[in-house]
There are 4 protein chains.
Amino acid sequence: MIIMKKDATEQQIQHAVDEVARAGLRTDVSRGQYLTIIGLIGDETRVDFTHLAALPGVKEARMIQAPYKLINREYSSAYGETGTRIVKVGDVQFGAPEPVFIAGPCAVENRDDLFRIAEQCKAAGAHILRGGVFKPRSSVHSFQGLGSAGHDEAIEALTWLREAGRTFGMPVVTEVRGEAQVDLVAEFVDIIQIGARNMYDQDLLQTAARKKLPVMFKRHFGASVEEFLCFAEYIAAEGNKDIILCERGIVPMGKGKNYTRYMLDLAAVPVVQKETFLPIIVDPSHATGRRDLIRSMSLASIAAGAAGLMIEVHDRPEDARCDASQMIQPSELKEIIAAARQLRTIALK
Amino acid sequence: MIIMKKDATEQQIQHAVDEVARAGLRTDVSRGQYLTIIGLIGDETRVDFTHLAALPGVKEARMIQAPYKLINREYSSAYGETGTRIVKVGDVQFGAPEPVFIAGPCAVENRDDLFRIAEQCKAAGAHILRGGVFKPRSSVHSFQGLGSAGHDEAIEALTWLREAGRTFGMPVVTEVRGEAQVDLVAEFVDIIQIGARNMYDQDLLQTAARKKLPVMFKRHFGASVEEFLCFAEYIAAEGNKDIILCERGIVPMGKGKNYTRYMLDLAAVPVVQKETFLPIIVDPSHATGRRDLIRSMSLASIAAGAAGLMIEVHDRPEDARCDASQMIQPSELKEIIAAARQLRTIALK
Amino acid sequence: MIIMKKDATEQQIQHAVDEVARAGLRTDVSRGQYLTIIGLIGDETRVDFTHLAALPGVKEARMIQAPYKLINREYSSAYGETGTRIVKVGDVQFGAPEPVFIAGPCAVENRDDLFRIAEQCKAAGAHILRGGVFKPRSSVHSFQGLGSAGHDEAIEALTWLREAGRTFGMPVVTEVRGEAQVDLVAEFVDIIQIGARNMYDQDLLQTAARKKLPVMFKRHFGASVEEFLCFAEYIAAEGNKDIILCERGIVPMGKGKNYTRYMLDLAAVPVVQKETFLPIIVDPSHATGRRDLIRSMSLASIAAGAAGLMIEVHDRPEDARCDASQMIQPSELKEIIAAARQLRTIALK
Amino acid sequence: MIIMKKDATEQQIQHAVDEVARAGLRTDVSRGQYLTIIGLIGDETRVDFTHLAALPGVKEARMIQAPYKLINREYSSAYGETGTRIVKVGDVQFGAPEPVFIAGPCAVENRDDLFRIAEQCKAAGAHILRGGVFKPRSSVHSFQGLGSAGHDEAIEALTWLREAGRTFGMPVVTEVRGEAQVDLVAEFVDIIQIGARNMYDQDLLQTAARKKLPVMFKRHFGASVEEFLCFAEYIAAEGNKDIILCERGIVPMGKGKNYTRYMLDLAAVPVVQKETFLPIIVDPSHATGRRDLIRSMSLASIAAGAAGLMIEVHDRPEDARCDASQMIQPSELKEIIAAARQLRTIALK
């Protein structure tokens, strides 16, 4: 990384960028309020940092040891006192003191259900509306979301989602499961979600990142924290640092039952905050797969320092075509949001 | 299990016990304030529950499906409104609304350090003093605790621990690592600890359980929740249900770093509470191995519903012979206890 | 599944297909030498199997309980005595008594290296040539394969691969990492590889399957065997059952070192053979990441019943831009192939 | 470690030992046919190796970096050409070219069954007889072995085991599950087994090691290879290096089924051989829990380089009180032994 002096000129910045390019690497220029920092993309061992440090306008130039460089905590000085990049989605701010709540049904199934649930989520205090259109499923024999039923169905479902969001004043987020869906989805949503199963899919990550929309990026259930951050780096390397990380549990281990679908790794929340400047939220719904554990794991996530929660909500879960056992009622959501807000103020001290 | 009628006589209870014995099983009789419940120890498939249900004084008789029967949540009616058995250690109550804090150094190394740390832990709000005398270690080449240096050293260290506890008004807990240590340790402590590495050691569990002292029982880092509870059942089958369960993290998984020693499975906290009537606490020190994560994981544990915490504390960690990197200062303990108490009231609602 | 009588007419088959379609499901018709079997794609609980069983020409109709139905071992009767589908690639037969050896460098880097290595692999006894053009990498800062350098570079590398294969009489295989690469790659190769990281990427699987080329499908390092087969089912549901499964190790677990990159799950080899009719091979190179373990794990794989091996080979590994530590010399490949052939005859008895 | 010169005198050896003792460490002196090597037990960083290297009669003195030092491969020069220590049990040699087969029922249940099975195992080619007397079980409600029924029953079962061994010319092995059983078991057996669940039980390891009988030491199902070897070091540190390591599978991981009880880590076989001089065998019975996988995993183990196998055998498994689903018939054992012997000659080349 190269940190420019406060009074560095545009010409000096360009000069530094050109010098890096001469070594065969690309650059990523962060112009913060206080500092301009140049990140290097490529094999840093090919760069002479002593030379770079001596360029006019350069305050400091050095290699970042961690494999994730562009999202590294070493850049936190660019992000003010807390060192966390605030990812803004309309009026909503991920990474700010106020926790963010994303809520909605597992899948968009029809207009009426979606609007009714969206209204109740808003009333419960949620900020952002979620709803799956392209559903990743373990079985080809299961419902894959309306998006997989055909192009028209995909547009219809995405239109409902956008309208429900606008009607009730909530930005919307949905998942892209494959590269071919990115262009379409990007027209309708405020945040593009990359699901856990696609975390390693670097081509999808790059395609989504180029849309310049905020990306919600979920950790794969077989990935270490280090790998998680290495793949977030793929998004940042496209010049998009509006990344909201999401912990959602890793695969269970051991002989016998753990009684949850996945195992929530909450230590990943403070660890990620020490390793990067990106905000991280938690999805307790997929992590546990159990309605009766959502409240306790939501509170635990906020207490661990999560910047928000993504929770599946449905007022008639028995009618839902997927994840019926993990969706909570809007009334429970309201209670969780109230408790989480109280906890957040204690946790942030 | 057999639930007796409220007005069942001792003779009727004994009759039921005798009938179970005729089928070749042992029994465990719980005389609660309201109900008497008879647990069966052995192969329940050999018992005719229809016959038992028809005995005089018997209200209900049925098989418990889970492999842990004596500690099963189905007995919760014996434990009042919350359904949680309160494990009492002096004035301290595990499972009550007030969270319990156990603190102290990793190992008892000398009298001065122990007394100084104990005093500071008490001042910070801790209820119980911990200190290892027999240390389980991965390397035979490392310090194994004073207890392994010889019989005299073991007695000396245990004496310091007991005295420090008495001096500052704290019950004490230490680990037994092998069967040969149980008699000695039981003379000095208020709680016997079975460490994670010994969770599967059924002979040690039975030997320790027979001392009739409360047992702090830690989950092995390779065990599922189901296995954890199956082995707690070994303690209960000796007639000792004063068991305090402790989650302390499972082995990390994945390629690359997770940046913590183990992976804390906080969903185990509410899960265990739904499966048994036993209280469960969390040990964030061994789970993370990092001082800078203790606060956030302590708060997350309490928010998840833990009945208490066990935290390693040292005012001069650089002098310690083990776990130097994970012990926090007494001042930080104080701050954590204050925040945890606030959180507990919100989490319990 | 519906098994038709031996003398069932085309009209009767079509009638059965139509009846399934009326319930809203798709079908997959397997016309074996002896039997015609109709697989159902979709939610089987919506089908009345009693009704189907009574249709003219139908011998048997029933639900398959496993979540993978089209590749289920229950269809093995369609595949002769061994019950294994032989996947043919030119003269090479996966699933036949003779084991198949795939060899070549990690990545296609330049024409000379590729041709020289290909020639030596052929001489050592390899049947199929491998070489990565689109490399999945954990770090965006690492070499991603020539395919990621641009469209022209991709075509050039693919052309070399095809030519090297033709020159030395070996079909070729390379990996597609994203949907956008499928059309291009399919023009050049004999087998399309889906790498471990993309196992869960159902859109990529479907896109690749439609090319009607054999698909080599690797197990994700965080996937259970059940999940592995569930995703292979996505390929089969596109009407492509020329699937070669590949075990390549799951993520290591535990505190401390295992001294290998992944953990090879060789029991998966016989298990998969009992669950499906598909052939399965093993990749010891990525599983271990260590040149000095390739021989022993190759022999173990064949002894476990693997139908073949995929091994990375390079005569000058120190020059390679990836996986230098795991590639073996052609001379060692030759020795492994000879020993593996001997073992296979013993293992198959 | 300190390597003495070939012509070093006893006095010089003693001098070196004394110098190590002055630094507060213990020593372990290996007098091989060619070389005398002194291992250090304790914290090596407290030793001045430059000083030791300059002592009379000392050829070389240096620190071993791995945490397991006494069993380290660096001592292999003391063990002849193969570098593997041959552990002798009567005429049987673990680590020699001929593979060793241990067979017998899961548990010793009665005299007749044991003798009948023992005779058949011997006829099938087995070298050593196994049979559990103290059974580690997940449930306190299950059969725990005759040893747990009382002292007399333990003696009776152990007597049968010893007699069956003598009658059919096979050394015998059984497990000690707790420290209190070691004295008794050691009177009756030729090899003491430490089961997987007790791997971390350092006090039991030390107690067993002191009996100076060969110890069969199984890897815990949650342990890394590094941890496995660290705990084997506890046995060696008692002066007992007649250790036979045993791989028996680690806990399964992932969402969904793997169709085996544990996951056999066969790469551990060659890895252990590169890290230590100890022989390693494999137990496919507990690893898979499935009779129909024993043959393929036995062959794979031998192909991976295992020095032997431990297989559960019963001619009437339906009558057995534990592990009925994994015990094979004597006839299958015979076939496996024949195939394994052929494989071993190929694998060893």
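Student: Is the crossing of α6(B) and α7(B) left-handed or right-handed?
Tutor: This is a predicted model, in which local features need pLDDT of at least 70, side-chain atom pairs count only at pLDDT 80 or more, and totals for chains, interfaces and linings use all residues; side-chain values use heavy atoms, without hydrogens and water. Residues are numbered from 1 along each chain as its sequence is written, while chains are lettered from A and ligands numbered from 1 in the order written. A crossing is right-handed if the near helix is turned clockwise from the far one by less than a right angle, and left-handed if anticlockwise. For α6(B) and α7(B) the crossing is right-handed.

Student: Which word describes how α6(B) and α7(B) lie to each other?
Tutor: Helix α6 (residues 202–209) and helix α7 (residues 225–236) of chain B (helices are DSSP runs of H or I, at least four residues) have axes that come within 8 Å and cross at roughly 40°. Angles under 35 degrees count as roughly parallel, over 145 as roughly antiparallel, 65 to 115 as roughly perpendicular and the rest as oblique. The two helices α6(B) and α7(B) are therefore oblique.

Student: How many nonpolar residues are in the contact of α6(B) with α7(B)?
Tutor: Q202(B), L205(B), Q206(B) and A209(B) in α6(B) meet F231(B), Y234(B) and I235(B) in α7(B), contact meaning heavy atoms within 4.5 Å. Of the residues in this contact of α6(B) with α7(B), two are polar, none is charged, and the number of nonpolar ones is five.

Student: At what angle do helix α3 and helix α11 of chain B pack?
Tutor: Helix α3 (residues 111–124) meets helix α11 (residues 330–348) through Q120(B), C121(B) and A124(B) on one side and P330(B), L333(B), K334(B) and I337(B) on the other. Their axes lie 8 Å apart, at an angle of about 25°.

Student: How many charged residues does the contact of α10(D) with α11(D) have?
Tutor: The axes of α10 (residues 294–304) and α11 (residues 330–348) of chain D come within 8 Å and cross at roughly 25°. That makes α10(D) roughly parallel to α11(D). By class, the contact of α10(D) with α11(D) has nine nonpolar residues, one polar, and charged residues numbering four.

Student: What is the area buried between chain B and chain A?
Tutor: In this pairing, 43 residues of chain B are in contact with 43 residues of chain A. Carbon and sulfur atoms give 62% of the buried area (the accessible area, 1.4 Å probe, lost on putting two parts together, summed over both), which is about 3,600 Å².

Conventions: Axes are lines fitted to C-alpha atoms, for helices over the stretch in contact, and angles run from 0 to 180 degrees between N-to-C directions. Ala, Val, Leu, Ile, Met, Phe, Trp, Tyr, Cys and Pro count as nonpolar, Asp, Glu, Lys and Arg as charged, and the others, Gly among them, as polar.
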